[in-house]
Amino acid sequence: MADFQTSTHRANWIFTTQELDDKYNAARQRAIQTLEKYGATLMEVDVDGTLSYPEPQINSKDNADKHSRPKPLTIEEERYMRVFYENKLQEVCNNFHFPHKIQATALIYFKRFYLQWSVMQHHPKNIMLTCIYAACKIEENHVSAEELGKGISQDHQLILNNEMISLEFDLIVYAPYRSIDGFVNDMEEFCPVKDDQLHVLKAIHETARMEVDKIMLTDAPLLFPPGQLALAALRSSNEVHKVLDFERYLRSILSRQSSAHTVSELIESLNSIDSWVRGYKFPSEKDLKHINRKLKSCWGLSSHDESKKREKKSKHKSKKSSNETQSNASLNLTCESLHSPSPQAILNAFY
Amino acid sequence: MGDTNSNNGNNTNTNNKKPEWLQQYDLLGKIGEGTYGLVFLARIKSSTNRGKSIAIKKFKQSKDGDGVSPTAIREIMLLREISHENVVKLVNVHINHVDMSLYLAFDYAEHDLYEIIRHHRDKVNQPINQYTVKSFLWQLLNGLNYLHSNWIIHRDLKPSNILVMGEGDEQGVVKIADFGLARIYQAPLKSLSDNGVVVTIWYRAPELLLGAKHYTSAVDMWAVGCIFAELLTLKPLFQGAEVKATPNPFQLDQLDKIFKVLGHPTLEKWPTLANLPHWHQDVQHIQGHNDNTGLNSVVHLNIKSPAYDLLSKMLEYDPRKRITAAQALEHEYDFLSSFSLSLSLSSPMNQRISAHTSSKA
């Protein structure tokens, strides 16, 4: 769609920092309430997409005792979980060689989902896969759930079960990648370069795309419109390649669009996007182990239960897919087995 | 919109009773059936909109067991982003978790052009009032211009997809409907037949019949031309017999019907013709030069009339030369005269005319 100005993305999904904090807090509070009431937080998602609260734990008397009840994740721990799975999401998309647009759409669906729910309520692994599946459908790059599930050794029924709950109806998402393409074209006219210098613009383009990949992993896409994310990425890229006077370029954009924004407002936004990237933290192995232990007790699952469940779920029949090419990557998508190597090693396990 | 959010607070396991969302409506009955599911008529119960009619389109779960139907998803994603008085309004989306079906609730439009045309042909036996035709066409173009300027191609325009509001605030207002095949330009547009989709061929543009792989907004304008002619004559303009085979059969009869009226396209008038896959197929029929009946005599229009000029520009062979919706709205075909009529029909809004009186006795 051409017009971001009238989009649901702009109307419903760009927030202030305060609104975002409130949403994360509210989602966490709802999970804590469930924990207090039922002794566990994980929502059951049935084959038909129905949601139900966890079965009250048998030893519910013990649960009344605050000390034995599982401890909820902190806001920071919830963030770490999302960060971990957003990285996984990028990996899975890279592994399937999906276009950037699909990756960006899936990431945004994932972020939007966890504005409503806590990771304590819905397993981010399942939600991540569902978001990728839905993004493929939306971006006309249909991959069957079975193929997707198979490619990453996950039960595809989980993906389908979750589609209904993660499927928000504001489906069109504006990613910054197209904005970058547009701005780079525009720069060509703004600072005419000789033919032999075209590689300079190509370089700034490439670096900017990599910058956007980083921005997409922060909360910035929920706070700023895609055009500003693109400009922030281009400004960082320009600092490396030193192609043009960026502030002069920003002024030129604003004057041509007769924008209501001043250049200092725009620069302030770009600085703020930069600081999100600088402040980005990936959880350490120790953090992940700790969070995962807490999360498992919140979910009311012991590892024994989990494996039994999986066995049950994978029983339903699945036809053999002829497409074997994408099934070479079986990786561990959960962080349950993180006692093995470092997170980096797990990230690398794909290749 | 989006009942899924309400799941936060309560258990929604409603297997045994009427789903909660459905309780806000009185279901009146089935009013239609399409490839993708059923359409029901309902009335809103709530006090704010009491009695307002709603059409509920139920999408079946996709057959291959692959989650929510992509057609439903496309329709939702596009309609959620757009808002125009000549485009159907999606008022709500519901999910029935029990059978995984999706329900789309639209403002109900009582009439459609298919029914209005049939009514005039079979019941009243007289043409549609020329001012009404102008109003329908102008509103259709107005909605289409909005869609095209938002980079959306409809791809399945035909009389039954052009709705007309019945009695009420918006009486006589045209609404373009059925976005299940619509696409945003920038997305790669696979040809419909590649997707295994069958649409009626009577309104299909010649470049598609000749095997063009890429859709442009010009395909919608060809369909508008066909609909315009049908409004004038009450008969489909190019009524070809469809070859039913998969995938992507060559629709020679449909092309033949077009050639008989418009003559054969030539490379001089349509230079990119030679690049189209089917141009070299059945050379005798495709590249022939037999006499044609002439569009003007088929639609009974004077060759010098503005109506004929506009119609022939919509039915231009070369998609790059075909008139756009924006240009058509500016055409000298005196659209304004339909407004003076509508004003006299007591509606304050200039594009409203009484379709009610013209289509229902």
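In these exercises, helices (H or I, at least four residues) and strands (E, at least two) are DSSP runs, numbered from the N terminus. The model is predicted.

**Exercise 1.** Determine where B:Trp151 lies and whether it is buried, partly exposed or exposed.

*Solution.* Step 1: B:Trp151 sits in the chain B loop that runs between α3 (130-149) and β7 (152-153). Step 2: a residue counts as buried with 20 or more other C-beta atoms within 10 Å, and as exposed with 12 or fewer. Step 3: B:Trp151 has 15 other C-beta atoms within 10 Å, and therefore is partly exposed. Step 4: although B:Trp151 is not a glycine, its phi is positive, at about 65 degrees. Most residues other than glycine have a negative phi.

**Exercise 2.** Describe the largest nonpolar core and the contacts of A:Phe110.

*Solution.* Step 1: this core holds 160 residues, and those touching the most other members include A:Leu89, A:Phe110, A:Cys131 and B:Val224. Step 2: helix α5 (residues 218-233) of chain B gives the most to the core, namely twelve residues. Step 3: domain 1 (8-107) and domain 2 (111-347) of chain B each supply at least three residues to the core. Step 4: leaving aside neighbours within four places in sequence, A:Phe110 is in contact with A:Glu86, A:Leu89, A:Ile127, A:Met128 and A:Cys131.

How values were computed
Residues numbered from 1 in each chain as written. Chains lettered and ligands numbered in written order. Predicted model: local features only at pLDDT ≥ 70, side-chain atom pairs only at ≥ 80, totals over all residues. Core = buried A, V, L, I, M, F, W, Y, C linked by C-beta atoms within 7 Å. Domains from an automatic or database assignment. Contact = placed C-beta atoms within 7 Å.
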